[in-house]
Amino acid sequence: MKVLIVYGTRYGTAAEIAEEIGKTIKNRGIQVEVMDAKKAIKDKDLSPFDMIIVGSGIKMGKWTKEALKFLEINRKTLPTKKVALFVTCGDANFEETKKRAWKNYLKKVAEEKLEKEPVSMGLFGSVYDPNAKHGLVYKLAMLFYKSQLDKMGIDTSERVDFRDWDEIREWANRLADKLV
Ligand SMILES: Cc1cc2nc3c(=O)[nH]c(=O)nc-3n(C[C@H](O)[C@H](O)[C@H](O)COP(=O)(O)O)c2cc1C
């Protein structure tokens, strides 16, 4: 059994999730390869893999173009594999916006880009980091999140990691269950 995990990331959040999913599945005795979508779109041979997990961070409502391209160029091969999708996004951090995130960033992408339904989809939180050096657009997005977090009484002076690592590992273990 072999699993390929392909992630699209702008700020590293999806990459860390992909690595953790990879570690969890490896611990189950399954071979895993984790790869940036930028590399995976360069003719990656999918034939050795039984399961392909594809994930992305979201910016202005969109997956990274490379993660989408990976789904597009492998459109005909993916239905022959078990496919799972995940996203990490700010909308996953709050109960009021979770449903919208599921619909817009997972269900819609699955419907538009996959010919066969994914075996599972994972919606994971993001990282709020007021001190990260990611440039102006990132800073503006953090200001937007700051106002939401302030309203909820969450301390915004420091980094907050909304990713639930137990949930991420549980999701990965459920995927491993589908292989063994
Ligand atoms: C400029 C910017 C735009 C964003 N736009 C959205 C958005 O439209 N919807 C959302 O749910 N999250 C949005 N987010 C939050 C990101 O999806 C979240 O930080 C995610 O974990 C980033 O993943 P990455 O680090 O792998 O790129 C945005 C973040 C930034 C910095």
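The legends below describe several close-up views of one predicted model.

In this predicted model, local features need pLDDT of at least 70 and side-chain atom pairs count only at pLDDT 80 or more, whereas totals for chains, interfaces and linings use all residues. Residues are numbered from 1 along each chain as its sequence is written, and side-chain values use heavy atoms, with hydrogens and water left out.

**View 1**
A nonpolar core is here a set of buried Ala, Val, Leu, Ile, Met, Phe, Trp, Tyr and Cys residues joined through side-chain atoms within 4.5 Å; buried means under 20% relative accessible area, exposed means over 50%, and partly exposed lies in between, with a 1.4 Å probe and protein chains only. Helices (H or I, at least four residues) and strands (E, at least two) are DSSP runs, numbered from the N terminus. In soluble globular proteins, nonpolar side chains tend to be buried together.

**View 1. The packing of helix H1 against helix H6.**
Two packed helices are described by the angle between their axes and the distance between the axes. Helix H1 (residues 13-26) packs with helix H6 (residues 165-177) at an angle of about 50 degrees, and their axes are 9 Å apart; the axes are lines fitted to C-alpha atoms, for helices over the stretch in contact, and angles run from 0 to 180 degrees between N-to-C directions. This angle makes H1 oblique to H6, because angles under 35 degrees count as roughly parallel, over 145 as roughly antiparallel, 65 to 115 as roughly perpendicular and the rest as oblique. The crossing of H1 past H6 is right-handed, a term used if the near helix is turned clockwise from the far one by less than a right angle, with left-handed used if it is turned anticlockwise. From H1, the residues Glu16, Ile17, Glu20, Ile21, Thr24 and Ile25 meet Trp165, Ile168, Arg169, Trp171, Ala172 and Asn173 of H6, where contact means heavy atoms within 4.5 Å. Sorted by class, this contact has seven nonpolar, two polar and three charged residues; Ala, Val, Leu, Ile, Met, Phe, Trp, Tyr, Cys and Pro count as nonpolar, Asp, Glu, Lys and Arg as charged, and the others, Gly among them, as polar.

**View 2. Helix H3 and its cover.**
The buried residues of H3 are Glu66, Ala67, Leu68, Phe70 and Leu71, and what covers them includes E1, H2, E3, E4 and H4. Lysine 65, also in helix H3, is exposed, with a relative accessible area of 65%. The C-alpha atom of lysine 65 is separated by 15 Å from that of methionine 35, and the two are 30 residues apart along the chain.

**View 3. Leucine 123 in strand E5.**
Leucine 123, which lies in strand E5, is buried because its relative accessible area is 13%. Not counting residues up to four places away in sequence, leucine 123 touches Val87, Cys89, Ala92, Lys98, Ala101, Trp102, Leu106 and Glu167. Leucine 85 is 38 residues apart from leucine 123 along the chain, and their C-alpha atoms are separated by 8.7 Å.

**View 4. Two loop residues with positive phi.**
Most residues other than glycine have a negative phi, and most peptide bonds are trans. Aspartate 43, in the loop between H2 and E3, has a positive phi near 60 degrees and counts as exposed at 75% relative accessibility. Methionine 60, in the loop between E3 and H3, has a positive phi near 45 degrees and counts as exposed at 75% relative accessibility.
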